[in-house]
Amino acid sequence: MVVPRAAMLRRASGALRGVRGGVRLGGSGRALSGGPDVRCFALSRALLRVHGPEAEAFLQGLLTNDVARLAEAGGASAAPRAQYAHALNVQGRSLYDVILYRIQESLQEPPHMLLECDATVLDSFQKHLKLYKIRRKVNISPCLDLSVWAVIPKEPSKEQPQKLEQHASKAVVITPDPRVGVMGWRLIINKNVNPLDVVPGSQIGNVKDYHRHRYKQGIPEGTKDLPSGIALPLESNLTYMNGVSFTKGCYIGQELTARTHHMGVIRKRLVPVQFSASVPSESIPECAEIVTESGKSAGKYRAGDDKFGIALLRLAHINGPLHLKISGDTPVSLSASIPAWWPKPVNK
């Protein structure tokens, strides 16, 4: 849930009595305030606004996560301010990766949802939602006046939290990334607002550094990492990134997802990979095969930049030497790793 901005700041101030190291919103314990080691990255993400008396029930039947948790959060300091989810097809494969934000400008106005998605599929996602709208009292529209930023600090700041509180009113949303702590914060602002006015003292970062950070951490985002109609949500670590509920009611694609989860057998997962030398991304064919030293198939490469990328690999082959097969060229050596943020023990 994203609370009204004034109320958000009042609650943050109350929760921070005696707390040092920055502003905490949403009960995440992650600190944020401006500084030279905080970078703001403009993302190629877009937003749809879903509002109307049946908006929550509508989204509940389309997304993997429990949308009602955002609506039930109320004013609790530990309530989620944002939520990660996937929209699946009827075969249980991922179509769109989504971050939801619940907006309520005032107690007198009904809340509405903002749905963040890959900018290249904004029209497709809107058509997908409208396909299932039928006669529900829901309105769906793009938010072309808003931009999405990632705010990633290298380390928690020691500065006083008032610095961010003074400027947070300029943001539509500022909240911890709901997927995992290493991804910092999500910031939504009007396109005419400078993010440095919201996070003073920070710097504008090169978006390539953002994607490199994602790949190092094994965080998929967008259609290149999660090809529509191909990626499976649990192989894409949706459970690890707080993106699926196994206790909510039915939703499209639930059957395969629930069955896979309860069987407890996931043999392949998206993991970060690193090449032994820089490899131009344009030289790697789509879904290039990754093989073991003996030539046995280990998985598929998804996407990357420079020496870092993300691949869908069999867990049994993660620790061995691996090679990327590129047509007409000598195979490129690469290594895979298990991210430190994964829960332990790792499900094998």
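Contact here means heavy atoms within 4.5 Å, and buried means under 20% relative accessible area, with exposed over 50% and partly exposed in between (1.4 Å probe, protein chains only). Helices (H or I, at least four residues) and strands (E, at least two) are DSSP runs, numbered from the N terminus.

This is a predicted model, in which local features need pLDDT of at least 70 and side-chain atom pairs count only at pLDDT 80 or more, while totals for chains, interfaces and linings use all residues. Residues are numbered from 1 along each chain as its sequence is written, and side-chain values use heavy atoms, with hydrogens and water left out.

Helix α7 spans residues 207-217, and its buried residues are Tyr210, Arg214 and Tyr215. They lie on the same side of α7, because they cover an arc of only 135 degrees around the axis; the arc is that of the directions from the helix axis to the C-beta atoms. An α-helix has 3.6 residues a turn, so residues three or four places apart point the same way.

Six strands form a closed barrel in the order β11-β14-β13-β12-β15-β16, with antiparallel pairing. From one strand to the next, the twist averages 40 degrees; axes are lines fitted to C-alpha atoms, for helices over the stretch in contact, and angles run from 0 to 180 degrees between N-to-C directions. Two strands pair if DSSP finds at least two bridges between them. Strand β11 (residues 268-275) and strand β16 (residues 332-336) are joined in the antiparallel sense over three bridges, and Val273 stands opposite Ala336 in β16.

His317 sits in the loop between β14 (308-314) and β15 (322-324). Leaving aside residues up to four places away in sequence, His317 touches Thr292, Lys296, Ser297, Ala298 and Leu322.

| Residue | Relative accessibility | Class |
|---|---|---|
| Cys40 | 0% | buried |
| Cys287 | 31% | partly exposed |
| His317 | 17% | buried |

A search of the whole structure finds zero disulfides (pairs of cysteine sulfur atoms within 2.5 Å).

The chain has eight helices and 16 strands. Of its 348 residues, 54% count as buried. Among contacts between residues at least 6 apart in sequence, 71% join residues at least 24 apart.
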